[in-house]
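Trainee: I would like to go through this model one element at a time. Please show it first.

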Amino acid sequence: MATAKGEGRAPSARRRSERDGMIASTAAAAAVRQLDELITNEPVGVTSIEPLEDGWIVEVEVIEEHRIPSSADILALYEIELDDEGDLLAFRRTRRYARGKSGTGNEGS
């Protein structure tokens, strides 16, 4: 039996695809670009992206401190909130950590 396109998707995925707005890859690129304009540290990449009813939450990893060797670098995660047009609403650093270290909290901050 055939089902309607998108019927098996999660509700947030259906909302995003059923209305005009940004797609995830465009939102991620906008978040990295805008964060790069606001901070002096180097964005490395997107670690997560989540659609909201009226925008996106994007998490970006940033090199906070370059060290030698690079395995000793200090990294940070920034949370960027965008509206559905890709404009920055808010950003915050949520975590700092040594490269290769796992765990939670704000180690090294």
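Trainee: In which sense do strand S3 and strand S4 pair, and over how many bridges?

Mentor: This is a predicted model, in which local features need pLDDT of at least 70 and side-chain atom pairs count only at pLDDT 80 or more, while totals for chains, interfaces and linings use all residues. Residues are numbered from 1 along each chain as its sequence is written, and side-chain values use heavy atoms, with hydrogens and water left out. Strands are DSSP runs of E with at least two residues, helices are runs of H or I with at least four, and both are numbered from the N terminus; two strands pair if DSSP finds at least two bridges between them. S3 covers residues 74-83 and S4 residues 88-98; Leu82 stands opposite Leu88 in S4, and the pairing is antiparallel, over nine bridges.

Trainee: Which residue in the hairpin of S3 and S4 takes a positive phi?

Mentor: Most residues other than glycine have a negative phi. The hairpin has four residues between the strands, and the one with a phi near 90° is Gly86.

Trainee: Which strands stand at the edges of the sheet, and why is one side of each left without a neighbour?

Mentor: The sheet is open, with four antiparallel strands in the order S1-S2-S3-S4. The edge strands each have a single partner strand, so one side of each has no neighbour in the sheet; they are S1 and S4.

Trainee: At about what angle to S2 does helix H2 run?

Mentor: Axes are lines fitted to C-alpha atoms, for helices over the stretch in contact (heavy atoms within 4.5 Å). Angles run from 0 to 180 degrees between N-to-C directions. H2, residues 24-38, lies across S1, S2, S3 and S4, and its angle to S2 is about 45°.

Trainee: Which residues have the most contacts inside the largest nonpolar core?

Mentor: A nonpolar core is a set of buried Ala, Val, Leu, Ile, Met, Phe, Trp, Tyr and Cys residues joined through side-chain atoms within 4.5 Å, where buried means under 20% relative accessible area with a 1.4 Å probe, protein chains only. The largest one has 14 residues, and H2, S2 and S3 each give two or more residues to this core. Those with the most contacts inside it are Leu35, Tyr78, Ile80 and Leu82.

Note on methods:
Buried means under 20% relative accessible area, exposed over 50%, partly exposed in between (1.4 Å probe, protein chains only).
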